[in-house]
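The sequence and model come first.

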Amino acid sequence: MRAAVYTETGEPSDVLSVSEIEEPHAGPGQVRVAVRAAGVNPVDWKIVGGMMGGSAGEPKVPGIDAAGVVDEVGEGVTGVRVGDAVFGQAATGSAAQYAVLSAWAQKPDAASFEVAGGLGVAAETAVRVLDLLGLQPGQTVVVDGASGGVGGVTVQVAISRGLRVIGTAGEANQDFVRSLGALPTEHGPGLADRVRALAPEGVDGGVDTAGRGSVRDLVELTGDPAKVVTIADFGARELGVQVSTGGAGQAARMEQVADLLAAGRLELPIAGTFPLERIGEAYAESRAGHVRGKLVLLP
Ligand SMILES: NC(=O)c1ccc[n+]([C@@H]2O[C@H](COP(=O)([O-])OP(=O)(O)OC[C@H]3O[C@@H](n4cnc5c(N)ncnc54)[C@H](OP(=O)(O)O)[C@@H]3O)[C@@H](O)[C@H]2O)c1
């Protein structure tokens, strides 16, 4: 199959190339899809760049998010058949013609493959962090990085749960964050003061999706580090903040977001699509840090 491959870590545009490699096959508990779209996540270029530790050695295919059509169903798998359109998280690398998924949900008919292909990681993460906070309808949550992949989905899931959301973004994305249903404010220094002006009655929870140093402000606003979750600031553990990196139950979390998408209660803008040959360009755009929604590879 055709796939983007790297054999050593480094600058993505230098170390990634498109090659013919052996197809992967679905093992027990897995499905294989013919990939129609593969979303780009920051962790993809972090792994290729060697920022997450480890080296390639063997040829490796990058990418986690994928949407496609099931063409192999592994032993013990129920509830999905060859020919179903699904989206989820790849165990074998998604920037390829075929990928083996370890967790998936049915693609809503109303969603394009591009949107579904960019949804898996963001959806799973958004539901996970909100579940950790356990907020009640009517309470207020601050989402730092609300214009990004994870942040934008977090805002919309929070609103579907009856929460009031204050979302941070850069100047260019204030209207976008408002369109998602949040009260927008700018990220960066002075965040606590700006949020207090928007929510004088107080804040019940904080989600840091950006890892750009907002956790101290979020702790100050909520008054309790246990009411703050970060997915990208690993030093925040020292403050008593919850650092979330994953866990079982991925498929159920993705299904929750697929239901919102099917009901027209969630949108995921596609900021750009790229053929496999331009994967280095897609990763560079993601690394610049201001993507509105998702970038998606079309293998
Ligand atoms: N632990 C986990 O389970 C997990 C899961 C998924 C992702 N992550 C990590 O979470 C991070 C975000 O992922 P993503 O896919 O949402 O990335 P993304 O789509 O690139 O979004 C990045 C967001 O950061 C915002 N931002 C840029 N500068 C900022 C600043 N100074 N302060 C606050 N926000 C700022 C951007 O806003 P503007 O463009 O409006 O400036 C944008 O909303 C990445 O580091 C990723 O690796 C972790």
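## Basis and domains

Domain bounds are taken from an automatic or database domain assignment. On that basis the chain is divided into domain 1 (2-119 + 268-298) and domain 2 (123-243). Residue numbers start from 1 along each chain as its sequence is written. The model is predicted: local features need pLDDT of at least 70, side-chain atom pairs count only at pLDDT 80 or more, and totals for chains, interfaces and linings use all residues.

The centres of domain 1 and domain 2, taken over C-alpha atoms, are 27 Å apart. Nine residues of domain 1 are in contact with nine residues of domain 2, where contact requires C-beta atoms, placed from the backbone, within 7 Å. On the side of domain 1 that touches domain 2 there are three nonpolar, four polar and two charged residues. In this classification Ala, Val, Leu, Ile, Met, Phe, Trp, Tyr, Cys and Pro are nonpolar, Asp, Glu, Lys and Arg are charged, and the others, Gly among them, are polar.

## The sheet

Helices (H or I, at least four residues) and strands (E, at least two) are DSSP runs, numbered from the N terminus. Two strands pair if DSSP finds at least two bridges between them. Six strands form an open sheet with parallel pairing, in the order 9-8-7-10-11-12. Strand 9 (183-186) and strand 12 (242-243) are the edge strands, each pairing on one side only.

Strand 8 (residues 164-169) runs parallel to strand 9 and is joined to it by four bridges. Ile166 stands opposite Leu183 in strand 9.

Helix 8 (residues 215-222) lies across strand 7 (140-144), strand 10 (205-208) and strand 11 (228-230), at about 170° to strand 10. Axes are lines fitted to C-alpha atoms, for helices over the stretch in contact, and angles run from 0 to 180 degrees between N-to-C directions.

Helix 7 (residues 191-198) packs with helix 8 at an angle of about 35°, their axes 9 Å apart. Leu191, Ala192 and Val195 in helix 7 meet Asp217, Glu220 and Leu221 in helix 8. By class, this contact has four nonpolar, no polar and two charged residues.

## The ligand shell

The ligand is surrounded by 32 residues, the closest being Gly148, Gly170, His187, Ala210 and His290; a residue counts if its C-beta atom, placed from the backbone, lies within 6 Å. The shell divides into nine nonpolar, 21 polar and two charged residues.

Domain 1 and domain 2 each supply at least three residues of the shell. Helix 5 (149-160) is one of the elements that supply at least two, and the largest share, three residues, comes from helix 5.

Conventions: Two residues are in contact if their C-beta atoms, placed from the backbone, lie within 7 Å.
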